[in-house]
Amino acid sequence: MAFAYFPHTEDDVRQMLDRIGVGTLEDLYSDVPKDVIYREEYDLPDAMSEHEVRQYFEELAEQNIPLFCLCGLGAYDHYSPAVIPHIISRSEYLTAYTPYQPEVSQGTLRYIFEYQSMITGLTGMDCTNASMYDGATAAAEAMMMAMASTKKKTRVLLSEGLLPQVVKVVQTYAKFNGVELGFIPCQDGVTSYGAMLTELAAGDVAGVLVPGINKYGIIEDLTGFADAVHAQKGLLMVYSDPSSLAVIKTPGEWGADIVCGDSQSLGVPLCYGGPYVGFLACRKEHVRKLPGRIVGATKDVDGKRAYVLTLQAREQHIRREKATSNICSNQSLMALYVTVYMSLMGPSGLREVNELSYGGAHYLHDRLLETGLFEKAFDKPFLKEFTLKSLVPVEALQDALQMIGVFGAVEVEPGLVNFCVTEKVSKENIDAVVSYLLNENGTSLRGAERRGNLLKEE
Amino acid sequence: MAKTVEGLYYSESHEWVKVDGNVAIVGITDFAQHAMGDLSYVDMPEVDDEVEAGEEFGAVESVKAASDLFAPVSGTVVEVNEELEDAPELLNEDAFANWIMKVEMSDPAELEKLMDAAAYEAMCANE
Amino acid sequence: MKYYDKLIFDLSKDGRQGYSLPSRSWDAVLSDLPAGLLRSEAPALPQVSELDVVRHYTNLSQMNFGVDSGFYPLGSCTMKYNPKINEEIAAMPVFAGLHPLQPASTVQGALRVYKELMHALSAITGMAEFTLNPFAGAHGELTGLMVIRQYHMSRGDLKRTKVIVPDSAHGTNPASAAVCGLEIVQVKSNAAGLVDVEDLKPLLDDTVAGIMMTNPNTLGLFEKDIRDIASLVHDCGGLLYYDGANMNPLIGVVRPGDMGFDVLHLNLHKSFSTPHGGGGPGAGPVGVAAHLAAHLPVPKVVEDEDGFLSVVGDDADACGRISGFMGNFGVLLRAYTYILMLGKQNVRQVGPLAVLGANYIKESLKDCFKLPIESVCKHEFVFDGLLDQSTGVTTLDIAKRLLDYGFHAPTIYFPLLFHQAIMIEPTETESKETLDGFIEIMRHIAAEALTDPESLKTAPHTTPVRRLDETTAARQPVLRYKDLLHMSQVC
């Protein structure tokens, strides 16, 4: 039976073998020791048709329970306009290789240039690369970049306000790369400026990584941070949510040298954690230490404006063992995803996204406090996600929410839970959740019965 | 054929040294700029940096290559050629007329380990 | 392909917006925030309508070449066909809508995909366990090296800080080792293009963490001494790393686990048909032998005796965490779809048909191009430029001329062992007719090199743009729209 992905007829194979001058396909492996050839049956299912594959995944999908998302913590349920999947599934983008042949890759190169223009605009930086894998690995690369950009420094400081998955990835890279880490604790829900000064005094700090919006959802006030870090010849690095940067003070305005984070918040589907798209941006004096691919403008021999991968001497395939990063494939198509998103939204649309998320989050925050099930954990400004102290067992709370098809109240620290609201959430949605929780308040939250999905997706 | 200049000292890693009192003026050779092609960037040390003979002090980059620079002598950097920051092509135009850094030598005896023009030419001929 | 000269910013007009948001309003507004926490002016994003966006990105796409446009003979990149069903499965809302922190009980279907894909990759490679978290091939390399270092450290064997890398290796190998804090020691290739076992022996001592091998190597040659190399390295206490960039010719024929490899990574965007996307997202799963399984990174998917799948986030034996969540799930869905389509039957043909195509091209062109190593190749092979280089036509010229004839260029100037390297890999999804067409054009170009070298040296002629001024781009980097506006030298 012919298989759709193999075009070879028996006759083709025969003719090709004849040209090569061997008798059988197996003869093409004559240089492979006989005892490593695998002759047993592969432990795989029987080949399926497309129709069977579809059915198979539909069955698997039934084992997932879709939930209405009121959770943030590094993955945000913003709406993704219909245009985007149509554009990114164009095969000229989807099935293209890395744009090493610029004459036939101007499409890819130009959207990367646009992406660079937009990300630098949001962050207030001069340069960015063509994307990183995700926010956590972008933070690890920022750490290595700070080490490479400063002289005779041995340590990088991390705020304990960073998302836990970001801290763990940075720690893993640091352990193997030989970077010593120090930690700056949080006080009243924000990175402690005083504790940072104490750590900086040692004089061995290459860089300090702090969140723009921290794991409690609080917008950090970074007044004085850049001056303090620069006074010790270190670099200030900020982990940012790019969606929020349409409205909140940018790392550039705070005086940061390097900015990293995850652009998933720019409309990328949750997709169980990936593909997302990390970003890494910096001031121009650090561009030679910026890892990954970078696109620059130039012209061709006829004088036409054109774009090309540039500053390649930084990259792993040239520097080999001297490289300070090994990234090559990144998340290019996802960079297109967020570029199209930012084009559709523009400055006003992205502001509205934040305005709606802000308003909804504050409404949910206040209504949840009214239930008597929570109290404030901090009294600090937040944007779209926030942390409350749960007065009931967290697991019971989570179970109760799940009963009505809602995902939220993820524990940030013992007893402290996260909620997040995006522009997809309506007042009716929030009122339904709150009134359900109010009804459950008298009885035990544990043991609530499944009520189906009270909240329908918009 | 790449040119050399008499009266300079040469390293195996293709740097030249011109001695001016206790100061070593350091650049890259014509052979090196030729091998690299059109240079796009020169990574230079900072004034007051300590450099050590045989150790890396910077790098030169072209469109598709990068090569580290190695200090031919030890000492303290007293000046760097800031013109190269905006015009790395000066090294392509005349590698000997355009220096990269000036070093106050801590051990001038190290010069004895370097080659003269004839020895350097012979080495390049074998590469 | 046609030239289109706009950037999305060029279309911008104040007051336009390409998406309409819900019209609801809330009591709390952003201006309630302290002014010191707000940005001073709106970001310079384009202001365009929905149709502007659609037309712009459609026009841009038409200046791009993809696998769906034509043949990519790109060595070491395995540009095989990307089946459409993969895309549809990955877009299923019930997968695309899952938050990565959702409780395991609500994502059993997704976790089952992880479990089954790991099982399938084990079956194909002979490795005991996998992590699917790495985002790309280089990320897989780094993860695999972390596993190796963690293994040695867990045994208190702290002096193993060197990794041996052949001189023909992909550039990422030494770069990944450097990022992992390892010292790189190079082993030479012999005249036959294979790792020189005699050169390797003196390098092996108790400071060696492992060796990174690509097999078949970047010349497309099978390292036939692999079993000897494996025992030599194992005898000195080191581990063998398999760079899966070149796994395609072995699929269905040889399993790296059976050759003695302890750790490998795969590029799902090469061997397992997921699209390259112009440079990602890919996926670089790492497989290990049983004795290394404990050191794979977290989060890990584990199954209990009742078949319930859960996610383990902390594990002291693990090398650490290398991803925010659990990798590029959307890419994993595509690869698993492909494996289900292949099944145990078709998997047998992947490698042999890929190798057939490569040898067919090699034999059909070796009278025009210089073949430095005469032996049966695997999925790819390397020419060292034209046989007759008297007119000064270089590999770059050949690559650029191919673009005029509607083919993508091969990989050029790699591996570094040959000055005029042209590395060709056809993959099993290309028909004999396509390969014949490519062969005909390559022969035509070889003839043109003698009769009309100028047309090659100035190629390409028919593409939307022609050869670019890369030197100016690198000397005076213009990396964003804002700076382009101030550039006079760029038209």
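**A colleague's note on the predicted model**

1. Strand β6 (residues 263-266) of chain C and strand β7 (residues 286-288) of chain C run antiparallel to each other and are joined by three bridges. If you want a residue to look for, take H265(C): V286(C) in β7(C) is its bridge partner.

2. Now step back to the sheet around that pair. Seven strands of chain C make an open sheet in the order β1-β7-β6-β5-β4-β2-β3, and the pairing is mixed. At the edges are β1 (129-131) and β3 (183-187) of chain C, each with pairing on one side only. On average, neighbouring strands of this sheet are turned by 25 degrees against each other, direction ignored. As a reminder, strands of a sheet pair through backbone hydrogen bonds, either parallel or antiparallel.

3. How many helices and strands does chain C have? There are 15 helices and twelve strands in chain C. The C-alpha trace of chain C spans about 75 × 70 × 45 Å along its principal axes.

4. Of its 491 residues, 59% count as buried. Among the contacts in chain C with a separation of 6 or more, 73% are between residues 24 or more positions apart.

5. Next, please look at where chains A and C meet. Chain A brings 170 residues to this contact and chain C brings 176 residues. On the side of chain A that touches chain C, helix α12 (residues 332-370) of chain A gives the largest share, 24 residues. That side of chain A is made up of 87 nonpolar, 49 polar and 34 charged residues.

6. Which residues have the most contacts inside the largest nonpolar core? They are A139(A), A142(A), M143(A), L209(A), M237(A) and V263(C), in a core of 314 residues. Helix α10 (residues 329-365) of chain C gives the most to this core, 20 residues. In soluble globular proteins, nonpolar side chains tend to be buried together.

7. Leaving aside neighbours within four places in sequence, its contacts include A139(A), A142(A), M143(A) and M237(A). V156(A), L158(A), S159(A), L162(A) and Y239(A) are also in contact with L209(A).

8. A second, separate core has 32 residues, including I28(B), M36(B), L39(B) and V60(B). In chain B, β6(B) is mostly covered, with five of its seven residues buried.

9. With β4(B), β6(B) pairs in the antiparallel sense over four bridges, and D43(B) stands opposite A59(B) in β6(B). With strand β7 (residues 66-70) of chain B, β6(B) pairs over five bridges, again in the antiparallel sense. There, E56(B) stands opposite F70(B) in β7(B). Three residues lie between β6(B) and β7(B), and the two strands form a hairpin.

10. Finally, what does the contact between chains B and A take from each chain? It takes eight residues from chain B and five residues from chain A. On the side of chain B that touches chain A, β4 (39-43) and β6 (56-62) of chain B each supply at least two residues. That side of chain B divides into four nonpolar, one polar and three charged residues.

Note on methods:
Residues are numbered from 1 along each chain as its sequence is written. Chains are lettered from A and ligands numbered from 1 in the order in which they are written. This is a predicted model: local features need pLDDT of at least 70, side-chain atom pairs count only at pLDDT 80 or more; totals for chains, interfaces and linings use all residues. Two residues are in contact if their C-beta atoms, placed from the backbone, lie within 7 Å. Ala, Val, Leu, Ile, Met, Phe, Trp, Tyr, Cys and Pro count as nonpolar, Asp, Glu, Lys and Arg as charged, and the others, Gly among them, as polar. A residue is buried if 20 or more other C-beta atoms lie within 10 Å of its own, exposed if 12 or fewer, and partly exposed in between; C-beta atoms are placed from the backbone. Two strands pair if DSSP finds at least two bridges between them. Axes are lines fitted to C-alpha atoms, for helices over the stretch in contact, and angles run from 0 to 180 degrees between N-to-C directions. A nonpolar core is a set of buried Ala, Val, Leu, Ile, Met, Phe, Trp, Tyr and Cys residues joined through C-beta atoms within 7 Å.
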